[in-house]
Each structure stands twice: as C-alpha cells, then as structure tokens.
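This note is intended for a colleague meeting the structure for the first time. Please consult the sequence and the model alongside the points that follow.

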Amino acid sequence: MANALQGRRVAILAADGVEQVELEKPRQAVLDEGATVELVSLDTGEIQAMNGDIDKGDRFPVDRKVADVEVGDFDALLLPGGTMNPDNLRTDPAAVKFAGDFVRAGKPVGVICHGPWTLVEADVVRGRTLTSYPSIRTDIRNAGGTVIDEEVVVDNGLVSSRNPDDLPAFCRTVVREFAR
C-alpha cells in the first residue's frame, strides 16, 4: 500500500505515561504510508514514555498543545495506551473534547490498550463495539459500549486493539481505515 496515506494529517494524542511501543509502532506505520504526523499533548515540551507502565522510556517532543488544535486540522487520530497516559488525558477537558470530536465527526480513530478511557470520558463509546485492555472493559460497558476480545476490532472507522501484542494487526488495520 505504498503511500496510502499521502496527504493525510494524523494526530497522536498522548501525555506522560504513554506506552512507548504503542506510540512508536503506529506512528511509524502511518509515516511509512506517507502521512504527516503531529504529537499533540496537554502541554508543549516533551512527554515521558514508559515501557510496561513501570520503566521510563524515551522522551518525545510535543508538536502542538491540544488546547491549540481542532479536529479540522487532522484527518485521523491515534490514541496510544499505557495506564497513566489516558488517565492524564481524561482529566483534561480540551483533550477529552478533541478525542470526542473525532468520533462525533466520523473521522477515523485508532485506539489501543487503555486508550479507550479517553473515549469513555468523552461519552462516545455508547452503541459502539471495541476491544481494549481487560482492566478497562467494565468502564466501556458502563459507558454503553460493547466489548469483544479480539486482536483488532473495527466499528465504523473506530479501530481498537487490546495490547502491544496486537500491534502488527492494529497498525495494518489503522493504515487501511485511515486511507478510506
């Protein structure tokens, strides 16, 4: 699918505590297909990635502050996981609105692991089918979503996966859905 995403603008919404591999692998997958990618976060500067939620990983420079962007600036959104990342995002009104606006606009969203917490907070999982890390499935159900335990789930442009083991299938599916 060489250059399947040429001309597409993808936002990655992440904060401190992001699972490093869940940021890096999907970002590389969309970059390899020609997308322009921006890391959007709660503040400017850098965010601290984690490996397995325990060990500090690399730091990543933030391109834009979430309060300064709009859904219209991008064609698609990636929401990586890690436990602390979405926990930080879901307490920030601008981040919650940004993520929710993508779903409400019908734009494609890729979300993995604990990432759906931000979508739960935005009240956009009601009536949707997705997967996630096992520990947040009750939150999704309580928010009106349906959870199935599969490697990757697609529901009308919402691509979800469970954990880093699912990244190959997640990345392939994100590229396909973002190219539509």
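1. The buried residues of helix 3 are covered by elements that include strand 1 (9–13), strand 7 (76–79), helix 2 (84–89), strand 8 (109–112) and helix 4 (116–121). Contact here means heavy atoms within 4.5 Å. Helices (H or I, at least four residues) and strands (E, at least two) are DSSP runs, numbered from the N terminus.

2. The model is predicted: local features need pLDDT of at least 70, side-chain atom pairs count only at pLDDT 80 or more, and totals for chains, interfaces and linings use all residues. Residues are numbered from 1 along each chain as its sequence is written, and side-chain values use heavy atoms, with hydrogens and water left out.

3. Helix 3 (residues 93–104) has 12 residues and reaches 16 Å from its first C-alpha to its last, close to the 16 Å expected at 1.5 Å a residue. The expected span is 1.5 Å times one less than the number of residues. Its buried residues are Ala95, Val96, Phe98, Ala99, Gly100, Asp101, Phe102 and Val103. Buried means under 20% relative accessible area, exposed over 50%, and partly exposed in between (1.4 Å probe, protein chains only).

4. Threonine 118 lies in helix 4 and, at 0% relative accessibility, counts as buried. Leaving aside residues up to four places away in sequence, threonine 118 touches Pro86, Leu89, Arg90, Ala95, Val96 and Ala99.

5. Aspartate 123 belongs to the loop between helix 4 and strand 9 (129–130). Aspartate 123 is partly exposed, with a relative accessible area of 46%. Between aspartate 123 and lysine 97 there are 9.8 Å in space, C-alpha to C-alpha, and the two are 26 residues apart in sequence.

6. In helix 1, the buried residues are Gln20, Glu22, Leu23, Pro26, Ala29 and Val30. The 13 residues of helix 1 should span 18 Å at 1.5 Å a residue, and its end C-alpha atoms are 18 Å apart, which agrees. Just after helix 1, glycine 34 takes a positive phi of about 95 degrees.

7. How do helix 1 and helix 6 pack, and at what angle? Helix 1 (residues 20–32) and helix 6 (residues 167–179) have axes 9 Å apart and an angle of about 40 degrees. Axes are lines fitted to C-alpha atoms, for helices over the stretch in contact, and angles run from 0 to 180 degrees between N-to-C directions. Residues in the contact include Val21, Lys25 and Ala29 of helix 1 and Phe170, Val174 and Phe178 of helix 6.
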